[in-house]
Amino acid sequence: MSNAQQPPVGPAEDRREKEPADLSASPVGRLAATVERLRREVRAAQAEADGRALIELAKGILVERLGCGPAQAARQLAELTEQADVTPLEFAVEVINQASRDRLTEVTSAFLAVASGSTGGQSTTAAAGRPTGRSSAVRLRAAESGALAADDTQAVADSLLEHALAPLGAVAVAIWSVSSDGSLTLAGSAGFPSTEAGRWRYVPPGVTTVARTGLAERAGHWIGSLAGSGLPSIGQHDHPDGGRVAVPAGTGGRIHGVLEIAWPQPLEPQQPQIVRQVEALAELCAHTLETYALRNPGGDPGPRLLPDVAELMNLADGLHDPALVLVPQLDGDGHLVDFRIHHVNGRFLDPAGRPRGVVSGALLLEAYPMAAGESELFERIERVYATGEPFRADRMRLTALVDDVPLAAVADINISRHAGSILLIWRIEDETARLASLLQHAQRLGRIGGFEENLLTGEITWNGRLFGLYGKPVSSPPVPLEELPAHAHPDDAVAIGRFLRTLLHHRRPASTAFRLQRPDGVTRHIRVVAEPALDSDGRLFVVRGAYQDISAQHWTEVALAATRDQLAHTEQQASERNRLTLQLQHAIMPPAQAPLRAPGLGVAVRYRPAETEQLVGGDWYDAVVLPSGLVLLCVGDVAGHGIEAATSMVVLRNALRGLAVTGAGPGQLLSWLNMVAHHLTGAVTATAVCGLYDPSSRALRWARAGHLPPVLVRGTDAAALPLVKGILLGAVPEAAYEEHEVQLAVDDTLLMYTDGLIERRDRSMEESLAQLLRAARTVPPTLDQQLDRLLTYSRSDTDDDTCIVGIRVS
């Protein structure tokens with residue numbers, strides 16, 4: 001054999017070439033060679049045994065088809081193999097596929113079609129080690145043979161991985177058994193470490209894993225990368241980025257478990273042939289899992305402990321609720337298509353009213369074709385039969401189709417699986433009883449009592465609620481309509497007479513409200529509604545109606561009327577109070593004031609009241625020439641709104657004027673004003689800025705009490721004066737206030753203001769002050785224009801009072 005024809009050298013062979021030449025001559029080398037030879041012989045024997053089983057099966061098929069003996073069938077198989085130019089094992093698989101026409105045959109036929117279309121009918125191997133063509137058929141049949149001959153699911157897992165999954169590139173396989181409570185048990189695994197299999201021996205109900213996601217979809221769950229899915233599973237740390245697939249393993253409509261396969265690398269979208277091969281392998285596992293559940297104490301106890309159909313029928317007959325026993329109906333391929341109603345118990349109630357004999361023995365979808373529609377009842381039964389997990393629902397809508405007419409009922413449903421049968425219990429709700437119960441509850445909640453009076457015979461029928469409204473015992477006689485005025489307040493006689501005349505004379509429905517005077521002395525407000533009933537001759541013979549206790553509604557209306565009157569009076573008082581407050585404020589501080597005349601100084605003031613009358617505040621300003629020739633400049637803001645804030649503002653403003661005559665500095669003036677606010681005004685709090693301007697030296701001394709500092713505009717620059725120390729007025733009994741002096745120049749402008757000019761809800765005070773400084777840099781020709789401009793372009797949104805005092809040196 002040339003070098004081009006020799007097979008590639010594996011890692012083990014490569015290592016042997018690098019070993020010393022005399023190693024094989026050593027005792028250890030000879031022992032290793034012997035072990036390796038025995039391993040090859042064991043593998044060859046196992047492969048031969050697997051192949052021999054398939055060849056013997058093919059011989060049996062030829063015996064049955066040709067009607068010959070075993071020896072002749074062996075010779076015929078050898079001749080056909082030679083003519084087909086294939087191995088005996090490959091030809092045996094072809095014979096089996098042609099004879100069985102099962103799920104594995106479909107899978108291998110698909111592989112053969114792909115191989116023929118792409119390689120001209122030659123047996124090839126696809127990329128990533130995926131088998132195609134005849135080799136895939138041999139592997140699948142070998143896997144099937146190994147699974148059927150295996151003693152347990154562990155051997156099945158080994159056979160599947162070796163014969164069918166390893167050629168697909170898979171490195172591990174796990175076979176899970178599902179119990180009726182939703183738990184998963186690892187029935188067998190291959191390719192995973194034994195410690196890992198021990199850790200994943202049992203998965204409790206409700207834990208979401210890769211295997212559990214495979215139960216939700218019949219086609220299984222294919223995951224490209226385990227790390228990307230975020231789902232835990234067996235062997236997750238060995239191949240964290242590998243692909244996974246979990247396919248439900250079921251037969252005849254029942255799911256016995258899940259087949260989970262692991263790949264070492266991310267899994268690309270697979271061809272339909274690969275998907276069908278995995279599904280066929282999962283179906284092969286289902287037969288083994290069914291045997292596993294019968295033998296394994298940790299498996300599903302349902303098939304071992306629950307009764308057969310006869311015992312289930314006895315159980316249904318002993319129930320107090322209507323029950324049906326359903327048995328699965330399979331088609332020729334073993335697929336679940338319907339359930340047959342094997343038995344109905346004596347308490348069974350059909351939604352359409354049909355007798356039990358009509359329903360018993362029929363197919364479920366024939367008897368109740370709408371079960372596969374709106375109620376999804378059939379899907380629920382299928383799910384319970386497949387997984388064994390019981391289902392319960394309250395007030396499910398059941399629909400039966402009788403004579404092409406859908407008839408509906410509401411029932412409580414309970415579905416459970418017992419061995420291979422289904423027990424369906426439904427408790428159909430009596431619609432008439434339910435409506436009667438609803439009517440009783442409605443009458444109780446609405447405090448309604450009904451009556452019917454036969455005018456020909458004088459017979460009167462009251463329900464129990466009406467006796468309670470009248471305060472009469474049930475044994476007492478009912479009150480006729482014509483005697484109604486005798487039980488009502490005398491002032492309601494006119495309204496009751498109009499009601500009776502409309503009802504009895506004009507024979508039209510009527511209603512009225514009156515005050516019922518009960519025997520126990522209690523007066524209830526009642527509304528009565530009635531309608532006449534005429535016979536075939538047009539004569540009045542019955543009056544039907546109802547009384548309703550509307551006392552609570554009446555007293556609620558009375559209370560609402562009183563509340564509305566009180567609210568209107570309160571609103572009137574508040575309006576009057578606000579009007580007086582505005583008058584007081586405007587009298588002390590009019591919005592526009594005559595200009596103050598001082599030598600070398602222009603003074604202007606502005607006051608803008610709040611737009612909402614209820615928010616009349618305590619902002620104030622003052623600008624006055626003192627006897628000493630100094631000019632007093634101040635602004636302040638009393639906390640709160642209303643008449644209290646306005647009167648406190650008047651007190652502080654006038655007190656500061658009087659104190660300023662003493663000749664004290666601004667710091668001392670604020671100290672005294674703090675004592676006034678704390679002791680003489682009911683402990684109000686306020687902020688203020690006080691300044692004394694000397695026209696001769698153009699110097700301004702000022703102090704602040706918790707207020708914003710003044711703003712000095714010089715040329716095109718505007719800046720706030722230093723933030724000198726000073727607590728707000730009225731906070732403590734005594735306080736000292738720091739003074740600061742600033743030297744003004746010609747054309748300088750000084751602004752004092754309250755926070756209503758700049759305050760915003762969505763901005764800090766520092767941001768609002770920066771906005772004011774940007775606006776103040778624009779200096780109009782006159783001081784009045786500058787103050788008006790600041791008010792016009794103010795961005796304040798708190799709807800508070802605003803005061804501004806401005807001076808300009810000339």
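**Figure 1. Contacts across the sequence and overall make-up of the predicted model.** Among contacts (heavy atoms within 4.5 Å) in the protein between residues at least 6 apart in sequence, 59% join residues at least 24 apart. The protein has 24 helices and 27 strands, both taken as DSSP runs and numbered from the N terminus, with helices being H or I of at least four residues and strands being E of at least two. Of its 810 residues, 42% count as buried, where buried means under 20% relative accessible area, exposed over 50%, and partly exposed in between, with a 1.4 Å probe and protein chains only. The accessible surface comes to about 40,700 Å², of which 54% belongs to carbon and sulfur atoms; accessible areas come from the Shrake-Rupley method with a 1.4 Å probe, and for residues only the protein chains shown count as cover. Because this is a predicted model, local features need pLDDT of at least 70 and side-chain atom pairs count only at pLDDT 80 or more, whereas totals for chains, interfaces and linings use all residues. Residues are numbered from 1 along each chain as its sequence is written, and side-chain values use heavy atoms, with hydrogens and water left out.

Figure 2. The structure holds 15 salt bridges, each defined as a side-chain nitrogen of Lys or Arg within 4 Å of a carboxyl oxygen of Asp or Glu. In one of them the side chains of Arg244 and Glu260 meet at 2.7 Å, N to O. This pair links distant parts of the chain, with Arg244 in strand β5 (residues 244-251) and Glu260 in strand β6 (residues 254-262), 16 residues apart. Arg244 counts as buried because its relative accessibility is 1%, and Glu260 is likewise buried, with a relative accessible area of 1%.

Figure 3. Arg653 forms a salt bridge with Asp622, and the closest N and O atoms of the two are 3.6 Å apart. Since Arg653 lies in helix α21 (residues 643-660) and Asp622 in strand β19 (residues 617-625), the pair ties together parts that are 31 residues apart in sequence. Both Arg653 and Asp622 are buried.

Figure 4. Asp637 lies in strand β20 (residues 631-641). Although Asp637 is buried, it has no salt bridge, and the nearest side chain of opposite charge, that of Arg608, is 12 Å away; Lys and Arg count as positive and Asp and Glu as negative, while His and the chain ends are not counted. Leaving aside residues up to four places away in sequence, Asp637 touches Gly618, Asp619, Trp620, Ala686, Thr687, Asp755 and Asp800.

**Figure 5. A patch of positive charge on the surface.** Arg763, Arg774, Arg777 and Arg795 gather in a surface patch of positive charge. Such patches are made of residues with over 30% relative accessible area and no salt bridge, like charges being joined within 9 Å and nonpolar side chains (Val, Leu, Ile, Met, Phe, Trp, Tyr) within 5 Å, and the place of a charge is taken as NZ of Lys, CZ of Arg, CG of Asp or CD of Glu. Arg763 is found in the loop between β26 (749-753) and α23 (765-776), where its relative accessibility of 43% makes it partly exposed. The side chains of Arg760 and Asp762 meet in a salt bridge at 3.1 Å, N to O, and Arg760 is partly exposed, with a relative accessible area of 24%.

Figure 6. Most residues other than glycine have a negative phi.

Figure 7. Arg347 lies in the loop between β8 (336-344) and α14 (356-359) and counts as partly exposed at 39% relative accessibility. Arg347 and Leu319 are 28 residues apart in sequence and 8.4 Å apart in space, C-alpha to C-alpha. Not counting residues up to four places away in sequence, Arg347 touches Asp317, Leu319, His320, Asp321 and Pro322.
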